[in-house]
Amino acid sequence: MGVRSRFELAGELWAFLRERKKWWLLPIILVLALLGVLIILSGNSAIAPFIYTIF
C-alpha cells in the first residue's frame, strides 16, 4: 500500500462518515489509530519500557 492509496482510503472514510452521518464511528477510529501508532512506536525504541508500564 502506497502513501497515496492510504490518503485515498482516509478520504473515502471521511466522505462515508459525512454523507451517512455516522459521527459515532469517529472516536472508535481515532482510538484504533492511536493504538496502532503506539504499537509501532513501542516496537524498537527507547520509549518502549515507558509504554509497557502503561499496560
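This is a short tour of a predicted model, going from the whole chain to single side chains.

**Whole chain.** Start with everything shown as a cartoon. The protein has three helices and zero strands, and along the sequence the pattern reads α-α-α. Now switch to a surface view. Of the 55 residues, 7% count as buried.

**Confidence.** Next, colour by pLDDT. The average for the protein is 81, and 84% of the residues score at least 70. Select residues 48-54, which make up helix 3: confidence is lowest here, with a mean of 71. Helix 2 has the highest confidence, at 86.

Select residues 25-41, the span of helix 2, and find isoleucine 28 within it.

**The salt bridge.** Finally, show the side chains of glutamate 19 and arginine 20. They meet in a salt bridge, with 3.1 Å from N to O. The count for the model is one salt bridge. Side chains of opposite charge can pair when their charged atoms come close. Glutamate 19 has 58% relative accessibility and counts as exposed, while arginine 20, at 47%, counts as partly exposed.

Terms used
Residues are numbered from 1 along each chain as its sequence is written. This is a predicted model: local features need pLDDT of at least 70, side-chain atom pairs count only at pLDDT 80 or more; totals for chains, interfaces and linings use all residues. Side-chain values use heavy atoms; hydrogens and water are left out. Helices (H or I, at least four residues) and strands (E, at least two) are DSSP runs, numbered from the N terminus. A salt bridge is a side-chain nitrogen of Lys or Arg within 4 Å of a carboxyl oxygen of Asp or Glu. Buried means under 20% relative accessible area, exposed over 50%, partly exposed in between (1.4 Å probe, protein chains only). pLDDT is the predictor's confidence in each residue, from 0 to 100.
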